[in-house]
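Subject: A structure for you to look at

Hello,

I am passing a structure on to you, and I hope you enjoy looking through it. Please open it first, and then read my notes below alongside it.

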Amino acid sequence: MSSQHIVVVGAGIVGAASAIWLRRAGMAVTLVDKGAPGRGASYGNACILARCAMVPVTTPGLIAKGPKYLLDPEFPLFMRWSYLPRLLPWLTRYLKHANDADTRRIARGVATIVGDSVEQHKALTAGTPAAKWIRDSDYNFVYRDRAAFEADAYTWALRREAGFVPEIIEGPAVQEHEPILSQEMGLLAVNKDHGYILNPGDYVADLVQQLQAMGGRFIQAEVKDFDLLGGQITAVDTDQGRIACDKAVLSAGIWSGELAKKLGLNVPLEAERGYHIVFKNPSQLPKSPMMLSEGKFVATPMDQGLRCAGIVEFGGLTEDKSPKPLEFLRRTVARTFPDLSYTSQEEWLGFRPAPADSLPLIGELRGSGVYTAFGHHHIGLTGGPKTGRLVADMITGDWPNADVSAYDPMRFAKP
Ligand SMILES: Cc1cc2nc3c(=O)[nH]c(=O)nc-3n(C[C@H](O)[C@H](O)[C@H](O)COP(=O)(O)OP(=O)(O)OC[C@H]3O[C@@H](n4cnc5c(N)ncnc54)[C@H](O)[C@@H]3O)c2cc1C
């Protein structure tokens, strides 16, 4: 295929990976971001290449348990109640998927982009400076006891069916394996052959530098609209002017929803607010990243210190942090890592792009030359490189050797 000019909107992990794979395929590529690369959700996540994370949040039983979770101050789900009326249409559609058939269908869809994620990150960065951020590791789930582990049996059964069978460590062996853990934690489910990124923000910044070293362009500008002629993209409009192009990729994370409206898509996309605290100069670090099942957050030994990241809060796209989720994180960290000391804490709030059906939108808006690549919810860092590869394959006409029908963005086309 002759070289075309592709504009990629958004320099998070998804946009950066798409831009690199497109450039490798010989395309002229301009990557545009309203800010610096890698400062959206891709900055502050839990760093995990979560190969086994194909099971969505919407599992059977969620509708019955949800209200109890919301009212329980010791459960990591928070709501800004004044936001509830605006959330309801999305929430209603989201909860409709909390049944066995949909959970399995979504899990199959997500598995395609997460299952080989460590290899995908390595392929994306092979021979480049960005490769230095990737770490091979186990990914451990921490439980108080066997009963707590068994309460998650449904999710583990789906993971097992996909080939992820954890090694179980119980009793005092838990603290021998991970000395940072409190004696109260009695079971570790160890998932082999995972990985993490030592610093996701710097990783994405390095990927964008790599794109430029390969002859791609990065422009700091805010995308406002798309120009179409006869239904075909001709240019992307920014606050710095118009960028003519043959094709475009919309990979602006949570901010893609508003831009997609201009293209005739009405995506039920909600900002799932998440938090992290980095404990600086920690006295202890876990050997491998671990998911604390009671707090539903991940503790990762990264280059900034010990990052504890997770929590779900609904409250829209406002930048102000809520005190309660952060207090919850601090309380749970103090209980789970009782001997941890540190010099300071750094707090962050970010927005997971959450479509109501928990499947990302990857594909062409029929015949327009605009491709969507957003809606990666909890697994965007994991699945970004594979997504970028799929998008590049679709654009170059080298149709992906994978079933991508689940990601079709036209499912949300306005009637
Ligand atoms: C607390 C937390 C923990 C997480 N942990 C993990 C994890 O361990 N593993 C994992 O796989 N995933 C995790 N995630 C999810 C993951 O971070 C996201 O799914 C992923 O980063 C989304 O990447 P993205 O490139 O789609 O979006 P983003 O990283 O948000 O990038 C979007 C970019 O688009 C730009 N942009 C927006 N609007 C415009 C515009 N109009 N013009 C130009 N540019 C624009 C933004 O500036 C931004 O740079 C976590 C998320 C959170 C919040």
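Two strands count as paired if DSSP finds at least two bridges between them. Helices (H or I, at least four residues) and strands (E, at least two) are themselves DSSP runs, numbered from the N terminus. The model is a predicted one, in which local features need pLDDT of at least 70 and side-chain atom pairs count only at pLDDT 80 or more, while totals for chains, interfaces and linings use all residues. Residues are numbered from 1 along each chain as its sequence is written, and side-chain values use heavy atoms, with hydrogens and water left out.

A hairpin to begin with

Strand 9 (residues 223-229) and strand 10 (residues 232-238) are antiparallel partners, joined by 6 bridges. Across this pairing, Phe-226 faces Val-236 of strand 10. The hairpin has 2 residues between its strands, and Gly-230 takes a positive phi near 60 degrees there.

Next, please find the open sheet of 6 strands, which has the order 8-2-1-12-19-18 and mixed pairing. Its edges are strand 8 (217-220) and strand 18 (361-364); each has a single partner strand, so one side of each is left without a neighbour in the sheet. From one strand to the next, the twist averages 20 degrees. (Angles run from 0 to 180 degrees between N-to-C directions, and axes are lines fitted to C-alpha atoms, for helices over the stretch in contact.)

Within this sheet, strand 1 (residues 5-9) and strand 12 (residues 247-250) run parallel and are joined by 4 bridges. Ile-6 has Lys-247 of strand 12 opposite it.

Is Ser-251 buried or exposed? With a relative accessible area of 5%, Ser-251 is buried (buried means under 20% relative accessible area, exposed over 50%, and partly exposed in between, using a 1.4 Å probe and protein chains only). Beyond its neighbours within four places in sequence, Ser-251 is in contact (heavy atoms within 4.5 Å) with residues including Val-8, Val-9, Gly-10 and Ala-373.

Helices that pack

Helix 1 lies across strand 1, strand 2 (28-33), strand 12 and strand 19 (370-374), and runs at about 170 degrees to strand 2. Two packed helices are described by the angle between their axes and the distance between the axes. For helix 1 (residues 13-24) and helix 10 (residues 200-213), the angle is about 25 degrees and the axes are 9 Å apart. That makes helix 1 roughly parallel to helix 10 (angles under 35 degrees count as roughly parallel, over 145 as roughly antiparallel, 65 to 115 as roughly perpendicular and the rest as oblique). The contact of helix 1 with helix 10 is made up of 9 nonpolar residues, 1 polar and 1 charged. (Ala, Val, Leu, Ile, Met, Phe, Trp, Tyr, Cys and Pro count as nonpolar, Asp, Glu, Lys and Arg as charged, and the others, Gly among them, as polar.)

Helix 6 (residues 117-125) and helix 13 have axes that come within 8 Å and cross at roughly 60 degrees. Helix 6 and helix 13 are therefore oblique to each other, and their crossing is left-handed. Ser-117, Gln-120, His-121, Ala-123 and Leu-124 of helix 6 meet Leu-381, Thr-382, Pro-385, Lys-386 and Arg-389 of helix 13. The contact of helix 6 with helix 13 holds 4 nonpolar, 4 polar and 2 charged residues.

A few single residues

Arg-51 is in the loop between strand 3 (48-49) and helix 3 (62-71), and is buried at a relative accessible area of 17%. Residues touched by Arg-51 include Ser-117, Asp-193 and Thr-382, leaving out residues up to four places away in sequence.

Most residues other than glycine have a negative phi. Ile-311, however, has a positive phi of about 70 degrees; this residue sits in strand 16 (residues 305-314) and is buried, at 1% relative accessibility. His-377 has a positive phi too, of about 50 degrees. You will find His-377 in the loop between strand 19 and helix 13 (380-396), buried with a relative accessible area of 10%.

Best wishes

Methods. Left-handed = near helix turned anticlockwise from the far one by under 90°.
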